[in-house]
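Here are my notes for you, written as numbered points. Keep the structure open while you read, and look up each residue as it comes along.

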Amino acid sequence: MSLLEDLKWRGIVYQQTDEEGTEELLKKEKISLYCGIDPTADSMHIGHLLPFLTLRRFQNEGHRPIVLVGGATGLIGDPSGKSEERKLQTLEAIQHNVSSIQKQLKKIFSFEGENGALMVNNYDWAGSMDIVTFLRDYGKHVGVNYMLAKDTIASRLDTGISFTEFTYTILQAMDFLHLYEKHNCKMQIGGSDQWGNITTGLELIRKMMPEGAKGYGVTIPLVTKADGTKFGKTESGAIWLDPEKTSPYEFYQFWINTADADVIKYLKYFTFLPKEEIEALENSLAEEAHLRKAQKALAEEMTKLIHGEAALEQAIKISAALFSGDVKNLTASEITQGFKDVPSYEPTGEENGIVDLLTAAKISPSKRQAREDVSNGAVYVNGERITATDYELTEKDRIEGQFTIIRRGKKKYFLIRY
């Protein structure tokens with residue numbers, strides 16, 4: 001199966017500017033191609049992943065990826081998908097975001113060997129350009145009517161669009177032209193909302209490069225969930241690649257909780273598992289869904305890719321401990337991840353008795369109920385059942401001197417912090 005055939009089987013290809021030409025190009029040569037992101041935050045989230053993972057698929061087949069982080073375009077803001085103007089960020093903030101995102105992208109691509117990835121920042125060629133050069137050398141080649149026909153611009157005409165965001169598509173087109181000219185970059189990959197920007201780049205290449213010059217564009221479908229809710233969002237917000245924003249355990253849990261209706265699609269989109277293995281997981285989903293083999297494979301592949309093998313093992317350990325209730329062997333770091341959203345309480349130093357602690361921490365509504373809970377065997381300290389109402393908590397009940405985990409009933413966890 002060719003690369004394009006594999007991409008189509010995975011459902012990754014949404015639009016191509018020249019399908020036949022792209023197939024011929026990839027048959028006869030190894031190309032350079034790029035995908036870009038604007039650093040509007042200091043971390044990517046999983047909604048950004050699919051175009052870059054698709055770019056990595058090209059690298060796996062011997063092509064050279066160019067990874068662009070838009071220090072210049074990030075200062076402007078893409079109007080795509082927005083109904084109002086973006087709040088402009090400072091140059092310092094954008095440069096910080098560029099650095100942070102570049103570190104994340106370095107985990108996805110290989111930068112060694114003949115087709116090692118190239119990391120670029122469009123601020124290097126656009127940041128110092130004066131307005132006259134921009135208007136004469138580039139603006140002259142892009143008609144206003146041509147730009148008004150772009151969906152990203154046309155959709156904003158009623159609500160209003162500034163000249164700043166109006167020119168964004170030309171800035172991104174300049175990126176394609178620059179990479180074509182300097183690095184022989186022949187293709188751009190982007191999300192479906194980038195179609196207008198990609199085709200503007202092809203227009204600049206056609207008009208400003210020697211006769212016969214040609215580029216290609218491929219867009220990726222918008223990732224959706226079967227129930228209609230937005231992909232990559234949870235009650236606590238976006239799923240970030242930065243482990244400080246979304247811990248590896250939370251990241252793992254997001255993927256392992258994927259609905260049956262979505263999991264095979266996500267395995268095709270996001271993992272590098274071969275067709276045969278994904279089809280076997282699809283059969284398992286149909287015949288033994290309760291084993292959740294597809295979800296486990298998805299969670300393991302994604303966590304390992306973004307956070308590494310050690311973080312994956314830690315996430316699995318935390319998950320298993322929470323499922324079984326055997327939490328005493330967790331480290332303080334693992335507790336911080338796994339119990340991030342659990343109710344917590346900091347004792348004043350006088351609630352060493354189990355009944356007093358349960359009441360003070362509002363784990364039990366009253367001392368009478370607390371005594372009943374303990375007597376009935378419903379209370380666990382670090383996974384160990386406590387049945388003595390006169391039980392006193394000591395240093396040995398503190399994990400690394402920082403935490404005690406109280407469980408009431410089967411699933412209600414509480415965290416005591418010291």
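The points below go from the whole protein down to single residues.

1. Before anything else, this is a predicted model: local features need pLDDT of at least 70, side-chain atom pairs count only at pLDDT 80 or more, and totals for chains, interfaces and linings use all residues. Residues are numbered from 1 along each chain as its sequence is written, and side-chain values use heavy atoms, with hydrogens and water left out.

2. Start with the overall view. The C-alpha atoms fill a box of roughly 90 × 50 × 40 Å along the principal axes. You'll find 20 helices and 13 strands (DSSP runs numbered from the N terminus, with at least four residues of H or I for a helix and at least two of E for a strand). Of the 418 residues, 50% count as buried. Here buried means under 20% relative accessible area, exposed means over 50%, and partly exposed is in between, with a 1.4 Å probe and protein chains only. The accessible surface comes to about 20,400 Å², and 48% of that belongs to carbon and sulfur atoms (areas are from the Shrake-Rupley method with a 1.4 Å probe, and for residues only the protein chains shown count as cover).

3. Now the domains, whose bounds come from an automatic or database domain assignment. The protein is divided into domain 1 (3-220), domain 2 (233-324) and domain 3 (344-417). How many Å apart are the C-alpha centres of domain 1 and domain 3? They lie 55 Å apart.

4. Next, what holds nonpolar residues together? In soluble globular proteins, nonpolar side chains tend to be buried together. A nonpolar core here is a set of buried Ala, Val, Leu, Ile, Met, Phe, Trp, Tyr and Cys residues joined through side-chain atoms within 4.5 Å. The largest one has 61 residues, and Ile 46, Leu 49, Leu 105, Trp 255, Leu 267 and Phe 270 touch the most other members. Domain 1 (3-220) and domain 2 (233-324) both give residues to this core, so it lies between them. A second, separate core has 27 residues, including Leu 118, Tyr 138, Leu 177 and Leu 204.

5. Click on Trp 255 for a closer look. Leaving out residues up to four places away in sequence, Trp 255 touches Ile 46, Phe 231, Tyr 266, Phe 270, Gln 295, Leu 298, Ala 299 and Met 302. Contact means heavy atoms within 4.5 Å.

6. Seven of its seven residues are buried, so S5 is largely enclosed by the rest of the structure. Two strands pair if DSSP finds at least two bridges between them. S2 and S5 run parallel and are joined by three bridges, with Leu 33 partnered by Met 187 in S5. S5 also pairs in the parallel sense with strand S6 (residues 216-220) over five bridges, and there Gly 190 stands opposite Thr 219.

7. Five strands form an open, mixed sheet in the order S9-S13-S12-S10-S11. Its edge strands are S9 (344-345) and S11, each pairing on one side only. S12 and strand S13 (residues 412-417) run antiparallel, with six bridges between them; Thr 404 has Ile 416 in S13 as its bridge partner.

8. Are the tyrosines Tyr 34 and Tyr 168 buried or exposed? Tyr 34 is buried at 1%, and Tyr 168 is buried at 3%. Tyr 34 sits in strand S2 (residues 32-37) and its contacts include Gln 172 and Met 187. Tyr 168 belongs to helix H11 and touches Asp 38 and Pro 79, among others. Lys 233, in strand S7 (residues 233-234), is partly exposed at 44%.

9. Glu 400 is in the loop between strand S11 (384-386) and strand S12 (403-408), and is exposed at 52%.
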